[in-house]
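Here's a quick briefing for anyone meeting this structure for the first time. Have a look at the sequence and the fold, then read on.

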Amino acid sequence: MKLFSRTFTMLEQGLDYASLKQKVIANNIANADTPNYKAKDVRFKTALEQALAPLEAYGTNPKHFSFKSPDTSNFLVTTRNDTVYNHNGNSVDIDKEMSELAENQIYYNALVERLNGQFNTLKMVIKGGK
């Protein structure tokens, strides 16, 4: 018997993604002046595929496509190739990093707020709706 719904698992995966992205951005900012450092990024597609992995579709026709995706166990951290290099070979754009940091913080706060809502709902059910 599962105590928590699938929503908790998906929110947990989203928080894991936001946490990893926060670490990668902080590492990029910390190395903004390091010669030949290449900025890193976390691929969202991999995170989305992981979140949707347990999703199964009910097919009424054999020609229907399945929603199953390949099993992915980790988020993928990649080096950005679309950035311009500084004179010292560094590819960190501090303005872009700060923008992504703020965006990731908003995403993280939204997930935490949603998770708190789920726990409040669970708490209300345990108390019998009071």
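Is Asn104 buried or exposed? Asn104 counts as buried, because its relative accessibility is 4% and the cut-off for buried is under 20%. Keep in mind that this is a predicted model.

**Helix α3**
- Let's start with the helix that holds Asn104, which is α3.
- Helix α3 covers residues 94-126, and at 1.5 Å a residue its 33 residues should span 48 Å. The C-alpha atoms at its ends are 47 Å apart, so the two values agree.
- Leaving out residues up to four places away in sequence, Asn104 touches Ala18, Lys21, Gln22 and Ile25.
- Just after α3 comes Gly128, which takes a positive phi of about 85°.

**Aromatic pairs**
- How many aromatic pairs does the structure hold? There are 2.
- Phe8 and Phe119 make a tilted pair, with 5.1 Å from centre to centre and 55° between the planes.
- Phe8 sits in helix α1 and Phe119 in helix α3, so this pair ties together parts that are 111 residues apart in sequence.
- Phe8 is buried, with a relative accessible area of 11%, whereas Phe119 is partly exposed at 39%.
- Tyr17 and Tyr107 make an edge-to-face pair: the centres are 6.0 Å apart and the planes are at 80°.
- Here Tyr17 belongs to helix α1 and Tyr107 to helix α3, so the pair ties together parts that are 90 residues apart in sequence.
- Tyr17 is buried, its relative accessible area being 8%, while Tyr107 is partly exposed at 31%.

**A charge over a ring**
- Which ring does the charged end of Lys40 sit over? That would be the ring of Tyr37, with the charged end 5.2 Å from the ring's centre.

**What the record says**
- An unreviewed UniProt entry annotates residues 14-38 as "domain: Flagellar basal body rod protein N-terminal".
- In the model, the chain over residues 14-38 is 68% helix and 0% strand. The end C-alpha atoms of that stretch are 25 Å apart.

Key: Residues are numbered from 1 along each chain as its sequence is written. This is a predicted model: local features need pLDDT of at least 70, side-chain atom pairs count only at pLDDT 80 or more; totals for chains, interfaces and linings use all residues. Side-chain values use heavy atoms; hydrogens and water are left out. Helices (H or I, at least four residues) and strands (E, at least two) are DSSP runs, numbered from the N terminus. The expected span of a helix is 1.5 Å times one less than its number of residues. UniProt positions are given in the numbering used here, feature names are shortened, and annotations may be inferred rather than shown by experiment. Buried means under 20% relative accessible area, exposed over 50%, partly exposed in between (1.4 Å probe, protein chains only). Contact means heavy atoms within 4.5 Å. Rings of Phe, Tyr and Trp (its six-membered ring) pair if their centres lie within 6.5 Å; planes under 30 degrees apart count as stacked, over 60 as edge-to-face and the rest as tilted. A charge sits over a ring if NZ of Lys or CZ of Arg is within 6 Å of the ring centre and within 35 degrees of the ring normal.
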